[in-house]
There are 2 protein chains.
Amino acid sequence: MMYLEDFQPGQTFDLGSIEVTHDQVVDFAKQFDPQPFHIDVDAGGQSIFGGLIASGWHTCSLMMRMLVDNLFSRTATLGSPGVNQIRWILPVRPGDTLHASTRVLAVTSSVSKPDRGTIEFHYDVRNQNDEPVLAMQGISMFRRRGD
Amino acid sequence: MMYLEDFQPGQTFDLGSIEVTHDQVVDFAKQFDPQPFHIDVDAGGQSIFGGLIASGWHTCSLMMRMLVDNLFSRTATLGSPGVNQIRWILPVRPGDTLHASTRVLAVTSSVSKPDRGTIEFHYDVRNQNDEPVLAMQGISMFRRRGD
């Protein structure tokens, strides 16, 4: 189990890969982001994107799944107060395989709650052509080992 | 249909309400954010949150649904390059009813692509007790009417 003290600025973590299928893209968008270019192949083709693309929130959610599976599941996370920036750099399309990694930007102990602290991470998600599709800076709270 | 020219800084839009059910919270988290306090009632109860809470990405996705249904469906949106800040202020719990609104912060014409521009919005999501649960600044691209 990794605690706050086990992270240092500059550390990087590979977060693995995930495939994006047509059905997942459309299902997510119908539920949460039913804009025509996310749910309809023809509308996507006629849009500036030249095809159906995934909701940006779907891409963030897929990144979160990689993050939980490959890093947070073995850490003492206490949730997140927020995100400092998201950039959806290139469209994510059905059939893409996304690969994520993260780098520790800053580790900060809480002044008011000495049993915990926050870590700012930079997240990088790329497609199968190694093109960046998502860049994000997020904050997460972690428990201290406190030994 | 609303185009870039139809938005001015200071305009506000009510984005309606949405209910958050236990099953939706767990289904979303199992798919995208399987941290114990998002998928397991007992783990949630023992966490610092004192109960099961929704993934922050679920809250963002629910906000997006309200935004599409109540504003973007009648605008010439061209997708989004990103988000400048997200703050998950208070936990969202099963049974909550969320209510969203948005305010136009800035309207900017594109220099390189005269047929479009970007709008920065502030988003505010509150629960049934009028407590803010999510604050966000997001950017969206819109087509100009170009008459």
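**View 1. The largest pocket, with a volume of about 560 Å³.** In this predicted model, the lining of the largest pocket consists of 37 residues, and those closest to the pocket centre are A:Gly79, A:Ser80 and A:Pro81 from one chain together with B:Phe49 and B:Trp88 from the other. In chain A, the elements that give two or more residues to this lining are helix 4 (56–70), strand 2 (82–88), strand 4 (116–126) and strand 5 (132–143), while in chain B they are helix 2 (36–39) and helix 4 (56–70). Strand 5 of chain A supplies five residues, the largest share of the lining of the largest pocket. Sorted by class, the residues lining the largest pocket are 23 nonpolar, 11 polar and three charged.

**View 2. The second largest pocket, which holds about 460 Å³ of space.** Its lining is made up of 33 residues, and nearest the centre of the second largest pocket lie A:Gly56 and A:Trp88 along with B:Gly79, B:Ser80 and B:Pro81. The elements contributing two or more residues to the lining of the second largest pocket are, from chain A, helix 2 (36–39) and helix 4, and, from chain B, helix 4, strand 2 (82–88) and strand 5 (132–143). Here strand 5 of chain B gives the most, with five residues. By class, the lining of the second largest pocket comprises 22 nonpolar residues, 10 polar residues and one charged residue.

**View 3. The interface between chain A and chain B, in which 37 residues of chain A are in contact with 37 residues of chain B.** The size of an interface is often given as the accessible area lost when the parts come together. For chain A and chain B the buried area is about 3000 Å², and 63% of it lies on carbon and sulfur atoms. Of the area that chain A buries against chain B, 23% is supplied by A:Phe32, A:Ile48 and A:Trp57, which is more than any other three residues provide.

**View 4. Polar contacts across the interface, and the side of chain A that touches chain B.** Between chain A and chain B there are 16 residue pairs in polar contact, counting pairs in which both residues have pLDDT 80 or more, whereas the count of salt bridges between the two chains is zero. On the side of chain A that touches chain B, two or more residues come from each of helix 1 (22–32), helix 4, strand 2 and strand 5 of chain A. Helix 4 of chain A accounts for the largest share of this side, with nine residues. The residues on the side of chain A that touches chain B divide by class into 20 nonpolar, 10 polar and seven charged.

**View 5. The fold of chain A, which contains four helices and five strands.** Along the sequence, these elements of chain A follow the pattern β-α-α-α-α-β-β-β-β. Taken along the principal axes, the C-alpha atoms of chain A fill a box of roughly 60 × 30 × 20 Å.

Definitions and conventions: Residues are numbered from 1 along each chain as its sequence is written. Chains are lettered from A and ligands numbered from 1 in the order in which they are written. This is a predicted model: local features need pLDDT of at least 70, side-chain atom pairs count only at pLDDT 80 or more; totals for chains, interfaces and linings use all residues. Side-chain values use heavy atoms; hydrogens and water are left out. On a 1 Å grid over the protein atoms alone, a cavity is a set of points where a 1.4 Å probe fits but cannot get out, and a pocket is an open set with protein on both sides within 12 Å along at least five of seven lines; lining residues have an atom within 4 Å of a point. Grid points are joined across faces, edges and corners, and a volume is the space filled by probe spheres set on the points. Ala, Val, Leu, Ile, Met, Phe, Trp, Tyr, Cys and Pro count as nonpolar, Asp, Glu, Lys and Arg as charged, and the others, Gly among them, as polar. Contact means heavy atoms within 4.5 Å. Buried area is the accessible area (1.4 Å probe) that two parts lose on being put together, summed over both. A salt bridge is a side-chain nitrogen of Lys or Arg within 4 Å of a carboxyl oxygen of Asp or Glu. A polar contact is a pair of N or O atoms within 3.5 Å; within protein, one must be able to donate a hydrogen and the other to accept it, and residues adjacent in sequence count only if both atoms are side-chain atoms.
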